[in-house]
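Please look at the sequence and the structure shown here, and read the report that follows alongside them. It takes up pairs of packed helices and then pockets.

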Amino acid sequence: MTAGPRSVAIDAMGGDRAPDEIVAGARQAAEELGVEIVLVGDPDRVGDTGGLPVLSASEVIEMHDDPAAAVRTKKDSSLVRAAEAVRDGQAGAMVSAGNTGATMASALLRMGRIRGVGRPAIATPIPVPGSTPTIVLDAGANAECSAAWLVQFAQMGSAYARHRFGIDEPRVGLLSIGEERSKGTALVKETHELLAAGAAGPDVHFIGNVEGRDVTTDGVDVVVTDGFSGNVVLKTIEGAWRAAVRAVLAAFDTDDATKEAGQVLLPALMPLAAELDPDTYGGAMLLGVRGNCIISHGSSSARAI
């Protein structure tokens with residue numbers, strides 16, 4: 001198996017559990033799903049690749065590194081080389097569980113920005129049982145945003161929902177602290193006025209403000225917000241899901257009666273648990289760059305990769 005435009009370049013050195021879990025996930029994707037993989041990293045550190053090709057990179061951008069400075073100075077890092085692989089046609093997409101800011105900077109500086117896009121955004125699918133996921137963007141790329149950027153996020157998120165999840169007319173909501181157009185920060189109010197006036201164009205179906213509780217319902221398809229708020233929403237949902245799972249498992253282990261009930265109910269609950277598990281989704285698309293870039297959670301397991 002060799003690198004090429006159908007391959008996925010995986011940053012083997014990025015993430016809290018790299019390289020072992022990253023390489024294990026890459027091997028699983030190749031062996032069980034037939035995905036063409038090229039690992040990017042130090043050949044002496046990646047371990048047993050199971051025959052997967054390795055694109056050599058001698059440096060690693062750490063989680064604590066300044067993103068922009070690291071991309072400029074660590075030009076032989078696994079993140080930068082993965083982005084260059086996509087740019088140069090050695091791979092059709094890149095995946096990294098490493099430094100989020102550096103992943104975005106690598107993709108932006110090496111692949112380039114789509115013409116007209118002010119800032120790329122991370123589009124994260126939030127599972128909604130019985131329905132298509134809700135796309136939240138930005139989920140962490142831009143802590144501070146302008147209203148013009150949020151309008152573009154509505155455009156990119158709407159296009160992504162149509163093409164990735166087959167939603168004919170995605171409903172786009174603006175995250176706020178109330179449904180009324182008078183609610184929210186100055187940024188939210190300005191963005192609402194622009195979206196309500198049709199600034200995003202005829203292909204964007206804006207339904208007004210939505211609240212955090214709406215994200216996990218089938219009442220909205222795309223939720224637009226700044227990267228700070230979006231990341232807080234994402235991490236809060238992840239934390240709540242894990243807390244709920246722990247509580248349910250603990251309840252089924254309190255006495256003989258609950259243990260017996262658990263033997264009956266847990267098999268029925270497992271599909272729902274799998275649907276809600278963040279590792280089921282593995283990562284989020286960085287929209288707005290001229291190439292496919294997936295940003296995964298820093299604690300990604302082999303299954304997530």
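## Helix pairs and pockets

Helix 7 and helix 8 (residues 256-276) pack with their axes 10 Å apart and at an angle of about 165°. Helices here are DSSP runs (H or I, at least four residues), as strands are (E, at least two), and both are numbered from the N terminus; axes are lines fitted to C-alpha atoms, for helices over the stretch in contact, with angles from 0 to 180 degrees between N-to-C directions. This is a predicted model, in which local features need pLDDT of at least 70 and side-chain atom pairs count only at pLDDT 80 or more, while totals for chains, interfaces and linings use all residues. Residues are numbered from 1 along each chain as its sequence is written, and side-chain values use heavy atoms, with hydrogens and water left out.

Helix 7 and helix 8 are therefore roughly antiparallel to each other (angles over 145 degrees count as roughly antiparallel). In their contact (heavy atoms within 4.5 Å), W241, V248, L249 and A251 of helix 7 meet T258, L266, L269, A273 and L276 of helix 8. By class, this contact has eight nonpolar, one polar and no charged residues, where Ala, Val, Leu, Ile, Met, Phe, Trp, Tyr, Cys and Pro count as nonpolar, Asp, Glu, Lys and Arg as charged, and the others, Gly among them, as polar.

In another pair, the axes of helix 3 (residues 78-87) and helix 4 (residues 100-111) come within 9 Å and cross at roughly 35°. The residues of that contact divide into seven nonpolar, two polar and three charged.

The table turns to the pockets. A pocket is an open set of points on a 1 Å grid over the protein atoms alone, where a 1.4 Å probe fits, with protein on both sides within 12 Å along at least five of seven lines, and its lining residues have an atom within 4 Å of a point. Grid points are joined across faces, edges and corners, and a volume is the space filled by probe spheres set on the points.

| Pocket | Volume | Lining by class |
|---|---|---|
| Largest pocket | about 770 Å³ | 19 nonpolar, seven polar and four charged residues |
| Second largest pocket | about 540 Å³ | 14 nonpolar, eleven polar and three charged residues |

Helix 1 gives the most to the lining of the largest pocket, with five residues. For the second largest pocket, helix 7 gives the most to the lining, with six residues, and strand 5 (121-126) also supplies at least two.

Key. Angles under 35 degrees count as roughly parallel, over 145 as roughly antiparallel, 65 to 115 as roughly perpendicular and the rest as oblique.
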